[in-house]
Amino acid sequence: MQFHHHGYVSTDPRVQPAAGVGLDRPEELPSEIDVLIVGSGPAGITAAAQLAQFPNIVTRTIERRDGRLVLGQADGIQARSVETFQAFGFAEEITKEAYRITETAFWNPDPQNPRNIVRTGFTPDDPQGISEFPHLIVNQARVIDYFAEYARRAPARGDVDYGYEFVDLQVGEGEYPVEVTLRRVSGYSGAGINTVDSEVSTGDEFTVRAKYVIGADGARSGVRRSIGGSLQGGASMHAWGVMDVLPRTDFPDIRKKCIINSEAGSILHIPREGNHLCRIYVDLGETDEHDGGRVRETPLEAVIAQANAILHPYTLDVRDVPWHSVYEVAHRLTDRFDDAATSPDGKPRVFLMGDACHTHSAKAGQGMNVSMQDGWNLGWKLGYVLEGRSPESLLKTYSDERQVTAKNLIDFDLEWSTLMAKKPEEFDSPSQLRDFYVQTAEFPAGFMTEYEPSMITSAPENQQLASGFPLGKRFKSVMTTRVADAVDVHIGHHHRADGRFRVYAFADASGERLARWAEWLRTSDESPIRRFTPAGDDIDSIFDVKAVMQQEHHDVDIMALDELFRPLSGPFQLVDYEKIYAAKPEDDIFEQRGISRDGAVVIVRPDHYVSAILPLDAPERTAEFFEPILLAR
């Protein structure tokens, strides 16, 4: 972690210096807002946290509740999300309080006595080593807390404005074309929470104008309704009860993730953080499509009784239930992720994310995870457009990318939830459920997202130069050695959510190509660094350029490398020594990721996805890649 480059710091270094709108953030909602986020769930709060890194953008997040979320419904945190937490600086802290899934136990009917269940096997949670990060279980409320704290510590000093309800919006013209009607629904205020102008009382409606609006307001989204969108799909007519319980039980795997299939039905059992709490999804069977959703009125006692029937011969003595619900599995996708089709100028001004545009079962633990990626995807793009770094056409890539991702999620979840609802005799083999779980592990871990070629993802013509970094997929980190201090680090862990592109220059064996590439990037008038870095800003303010050497770190002379890899930063223009890395002989990143020994350039966009792979001996290709993405400053 870097600090002191703006002067000596004796307080918490995670609190960045306030800048721009963060220097005097008004307590009341302004009448003109750059980005209005409706909803502070996982999608909205992630977008807000990213936008808080852009200090000259007025971002406000409104929430109907009168305070922070207490009981979060989601709890599964895939490894890709923990990578995201690393970028936002709180992976280590949240991992400490979370439950870590290391293996899953499978239970099926006892062949000798089918009324009973017996354990039929285990599977490690990540046997292929998909990620260095773990699979976690932690309350959604705590995830939101961490993102909110990150936003409050960021330069723009982002926060949530509680007690506001979205009513409607209209898209017109002008600098702030979206007119939004809001209603004050409570008078809550408190430490770290913004208060409303005293002229607006509870129940009053008023309007604000915004350049862009994000609808992260859930499955019954008012923002979606206001742009004429609808969720399309259907329900499975199969009901589940879910409950967070504090139990006493003789079931031996109560502290392991379990997939239980019995003659009485199925259970997905998830231990929770804190070593005592468990979440249990209980199969309530098929429902009648004509009963008006009466199954949702199933009493808690009936859900507990059904859980005991499935667990037989074991018993579950439920001592406390902090939260429970009954639902029918539904798979729905919105017909639009933005309002471009109805906007007066054909440009998107209103965006949807999270449950506002995709709903599915909770079985695969995807909802919160995919929603956070929605928020990060759009957050940096809005930041670039509003700061004048990129043309408005960049915003179209949000819908193009995330709509395909959501469709893939729903297709996967439909298959998974259908398997979970099957009776034992309906399976092709006793191991069918387990086999599917193992074979599809990369999807629920969050690593199957692969964006198609676009203005920010190049075509795969140079994929062979770094075959282990698939274009459009997330940058999969490898352990390296930071040369200056001989510290072994995952190179990807330095990719923080600060809105910068990462440019990894993997050196050729002699270093001659690297030297020519770096000198061109540093000195040529055609270089993206010289063209797109604002005058007076640090040379690495837009592009974080790193060199990765083939030699062992003792054989690398950092002073012999180009000054591009020893940039000066901060008001004192101090040398940044975190730009030069070396391959570890026992875990060579060049071998691990199929990187050409002639060198390669790997460009990674602000939200971790590989944007381009280019030859090291053609620095002008790096400039060509950024030409349609960025605007000269």
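## Ground rules

Buried means under 20% relative accessible area, exposed means over 50%, and partly exposed is in between (1.4 Å probe, protein chains only). What you have here is a predicted model, where local features need pLDDT of at least 70, side-chain atom pairs count only at pLDDT 80 or more, and totals for chains, interfaces and linings use all residues. Residues are numbered from 1 along each chain as its sequence is written, and side-chain values use heavy atoms, with hydrogens and water left out.

## Helix α10

Let's start with α10, which runs over residues 512–523. Helices here are DSSP runs (H or I, at least four residues), strands likewise (E, at least two), numbered from the N terminus. From first C-alpha to last, the twelve residues of α10 reach 17 Å, close to the 16 Å expected at 1.5 Å a residue (that is, 1.5 Å times one less than the number of residues).

Which residues of α10 are buried? They are L514, W517, A518 and L521. Down the helix axis, they fall within an arc of 95°, so they line one face of α10; the arc is that of the directions from the axis to the C-beta atoms. Turned away from that buried side are the exposed E512 and R516. The buried residues pack against several elements, including β21 (501–506), β22 (543–549) and α13 (619–626).

## T457

T457 sits in the loop between α9 (432–439) and β19 (479–482). With 3% relative accessibility, T457 counts as buried. Beyond its neighbours within four places in sequence, its contacts (heavy atoms within 4.5 Å) include E401, Y451, L471 and R605.
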